[in-house]
Structures are given as C-alpha cells and as structure tokens.
Amino acid sequence: MSIEDGAGGVGRRRSGGQVTHEAADGGPTSGRRSPLLIAGRVVASTAGFAVFAASGVVWYEYTSLTDGMTTSNAIAETKKDAPKHLDNSVNLLLIGLDSRKNMDGSDVDPSIVENELHAGRDSEIGGYNTNSLILLHIPAGGGKVQAVSIPRDDYVMTYSGNGTEMGMAKIKEAYGNAKDKFDKSPKAKGLKGPDLEKAGRDAGRAATIRTVQRFVDQPVDHIAEVNLMGFYDIADALKPIDVCLTHPVDDPIISRTATHEGSGTGLKLPAGVSHLNAADALSFVRQRHNLDDGHGNSDDFARTHRQQAFISSVMHKLKNQGVINDLGAMQKLFGVVQKDLVIDNEWNVLDFAQQAPALTGGNVEFNTLTFDKPDKKGDPPQDVNIVTPAKIQKVVKQVFGGADAAAPAPAPADTPSGGPTATPAPAPAPTATHAVTPATVDVYNASSAAGVSSSNEAKVLVGMGFKEGATGPAHTKSKTTTVTYGKGAKEAADQIAARYGVTATESASTGAGRVVVTLGTSFDGVASDRPAAPTPAANDPAANLPMQGPGVDAQSDGGIPCVF
C-alpha cells in the first residue's frame, strides 16, 4: 500500500514492508555469565501523540540491559512531599515526549522525520510537550494493573520540580515550560550541549511529575520516557504490529498551504485486524481527524484509545508470539531501549519484574479521564479541557483503591509439616445456571457495542460452569449470534444457546466436546446481565465511573482489543 501525497504536499513512502489486513469477520546468554530474569520495559511513542507499549519478562543478562541506559534523577526531588501510598503498591508514569530531538539535543534527521515518520520537517514542531501521560497503578498484592490516561489538554495549575507554581496551562506544557525556565536560569550557566540538554530535560521531568501528582493526588514512584524516534524504532523492531478496528478508517492527507497547516496521516485500514509496519503503526496512534468513536468523544480521546489498544497489542506480541524467546529479536529490541528510553535512577527493573507479574503478563486495563467542558484559553486562544481536580482525584482514588481491594491477599506463610492448615471452603452447590455436561467454549466477537468483548463473554460462560477456550475477533461478520457444537457437546450447546435466544447447530468443523460462540454484529449484551442498580464491579474498579468511553482491556479479544 502506498500513499503518493504526504502531509504538507511531500511525497509519502511506506517503509518497513507491506501492510496486510485480516477482516474482522473474520533467553539465552553467553556461557560466561548466568542469565537473570528481568522485566524489559518496552516503551513506544509517537510524535506528540505518544503511546507506551508493554513490558515483557525475558531471559537476558541484567547488565546487558542496564549498561548504557539513560537515567534521570528527577524523581528524588518530587518524592519529598508526594502523597503517600497506604501499602506497597507502585505507580508508574509513562511520558510520551513530543520532540523531534535526540537525547543530546541534536535534531533527528529531518528527512527521516518527514519521509519515514510523516511528522513534518521542522525540529521545533511539538517542542517538549508531553502529549501522552499514562499513570499505571500496580497493586501490592498482584492482580490487574489499572492505567489512566491524562488528556494532554487538561487545563491545570502547573508546578516546577521544587513545587513552585508556574501558572495555569495545559498539562502537556509543564515539561517544556520548566525546561525553558531552567535553560534561562543561573543553574544553566556553564552547561553546554548534551549536559545542558540533560539538565533541562530533568527539570521538565520533575515539573511533569510534580504537576501530575498534584492534579490526581497520587504519588509517582517511577517514570519512563520516550520520544518520536523511540516509538518508530521499537515498532520497527517488533513489526508487524497487530491492531483491530471496529470500523474502517480513511484519514486522507490534506496538504500544507499558505492558509492551512496540513493534516491527516494517509492511513486507510479496514475493519478488523491489520498487521502494521512501523510507519503505519505511527499513523495508527497519531491519527487525530476522522475519529468520532461513536460515544460522543472527541478525536483526541478516540486517538487515546488507539494508543491504549496499541500497547495491549504489543504486550500480547511480547508475551505470546515468541519474541522473548528470539535472542536476535530481543537484542535488537534492547538496543532500541538503551538508545531511546529514559527511566528514573531509582528503578531496579529486576526487582520490579518480580513485583509486577500482572503488568509483565499483560493484565492491564486502560481508562481515559474525563473533563467538565471544552473551552478556549490563552493568547491566542487555544482549545483546552476545563477540569475540576477534586473530581478527578476522587475518580482516580476509586479506580486505584478498587484495584488494591481486588488484588489477591498475600499467600499465608508456610506451616511446619504436621501443623495446622487452613480448611478450604466447600465449593458452592451447582445452580440451575451451571453446565450439566462439561464442555470447552470458544468465543469470537464481531460486535462493536460498548463493553462487549470475547473475553468478557467467556468469563460469563466460565461462571456458568464451562471451560474457557479460545477468544478473539470473529472470522465472519454475521449479524446474529451463532452457537455451534461438536460431538458430545449438544447438551452444553443448547444451554449456551438459550442464553442468547438462538438455536445451537452441530458442526463437523467443531471439535468433540467443544462449543463455538460467535457474537454477531448486532449483539449488545444479554439483558439479564445488566443489574437494575449498577455498582462498580469488584473486578473492574472503573466500572460506572465517569470516563471517556469504554475502557481498553489488554487481555480482551485475544490480546488485540478492537477500538474505533
């Protein structure tokens, strides 16, 4: 697939191989040293519409990863008066920096930015805005990680690293404003080149951390930061990247003119799963026009959901598609991490991997914080989101607190042989909704209705007494839900079909003892599943809280969640 005309009238070339589509219907170390189990923090970012992707648990030499990584000491200053955890949970702030500059302050090659990344040519575009801010909460006892995306245009009080107010501004501007302030301060005197760039960026990081902490009233324990080139490099190392859309997308390029700055990515994808190269992965998460997500949200928020889904897909690839067992691929990936990623200097990735199995295993749910109303502020006026910090703090506290409550309790200490042991609670007696005969159920989803996913439906069927099988996007786009079964599974299939108000049919292509449920395009849930008085679900702390559209579950639809 090729696009002849790029943003700004520049010829656009797709690189990194062909883009293929699939419809919705559709390690080791050297012999001299022992390997250590570590968490590879893989972070991906776009040109100001940054998105972070994934952590994978990999076998690799610890020193091979940490040697040569860029670290920041900004976290130390911001911890002094940060809000306190009530337990040993951990908050990780992912920062996507809208910068076309390298770590040393030099410009990324303009021809690469323009022709490969399709992100303009001027290195000053985007400045040092943090156009993606995602705060992840890892519960102390394990369990699902909760992540909240903070909209880049939220209009908040910004703070320098030492806590001094810098004034009301978009939250994305705290980094650049603080860096600019440092560069003009006496502290910058005598610093040049890379040293000045690093010190200025540390001031920006500290300001971003402090501003986020004050805004959401949560501590930030660790940070990871990457910019435009980092996203492209990581996407290129992991290509192809699988993403899923509920609707086709066509984002034509509008060339730059004297009166129009230009827009559009040129991305054109069908509904369903697409396999993207690095350039198209960048377009997938950068697209900011033609993105009405069907929930009344702006293009900005629909794009945020794209970013969250991209993270989920990369985590799925790292965990399930053999990347972590491919030494060559991992060496390439870690080379990128060392080149493009910045983490705080208090982060021990080895310990973190052992403390956060849910994160490294892809058990993450993303939500996007909402706002009160759109408005215009500044001179000249710019679009901003008016927010009430107290409301945001209440929502975040409920989401993070719910995750802690849902986390499993620490395992009891081992008792000596022959000592007292806990007596397991008796299993509940089967009810009329439990399966009469055992069967494994595969669930595939062709519906784009809010809250509907193959994994969520599979959980319901498991609750009815069936065994969970495969989940993922449907291979056919039938309007109605269908239930097919193999030899010996008729009784189970009839019970499952009754749930959906359809008739089960036998299929020679369905394995013995197996039932296949395909949720049709018209499926929007089962009425009996909807409580009369909704309350936050124990396994979903964000349920029924004000958010921008439905959450993105990293484990839904087989690890490749479908978004608009």
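The link between Cys-244 and Cys-562 is right-handed, with 55 degrees about the S-S bond, and the structure, a predicted model, holds one disulfide, a term that covers a pair of cysteine sulfur atoms within 2.5 Å. The S to S distance in the disulfide that joins Cys-244 to Cys-562 is 1.8 Å. Because Cys-244 lies in strand 11 (residues 241-245) and Cys-562 in strand 25 (residues 562-563), the pair ties together parts that are 318 residues apart in sequence; strands (E, at least two residues) and helices (H or I, at least four residues) are DSSP runs, numbered from the N terminus. Cys-244 is buried, with a relative accessible area of 1%, whereas Cys-562, at 28% relative accessibility, counts as partly exposed. In these terms, buried means under 20% relative accessible area and exposed over 50%, with partly exposed in between (1.4 Å probe, protein chains only).

Residues are numbered from 1 along each chain as its sequence is written. In this predicted model, local features need pLDDT of at least 70 and side-chain atom pairs count only at pLDDT 80 or more, while totals for chains, interfaces and linings use all residues, and side-chain values use heavy atoms, with hydrogens and water left out.

Strand 19 (residues 440-445) is mostly covered, six of its six residues being buried. Thr-440, Asp-442 and Tyr-444 point one way from this strand, Val-441, Val-443 and Asn-445 point the other way, and all are buried. Strand 19 runs parallel to strand 20 (residues 467-473), to which five bridges join it, two strands being paired if DSSP finds at least two bridges between them. Within this pairing, Tyr-444 stands opposite Gly-472 of strand 20. From strand 19 the chain passes through helix 13 (residues 454-463) to strand 20, in a β-α-β crossover that is right-handed, meaning that, with the strands pointing away from the viewer, the path from the first strand over the helix to the second runs clockwise. Strand 19 also runs parallel to strand 23 (residues 514-519), with six bridges joining the two, and Leu-519 in strand 23 is the bridge partner of Asn-445.

Elsewhere in the chain, Ala-178 lies in helix 4 (residues 174-183) and is buried, with a relative accessible area of 6%. Leaving aside neighbours within four places in sequence, Ala-178 is in contact (heavy atoms within 4.5 Å) with Met-166, Ala-203, Gly-204 and Ala-207. The C-alpha atoms of Ala-178 and Arg-201, which are 23 residues apart along the chain, are separated by 8.5 Å.
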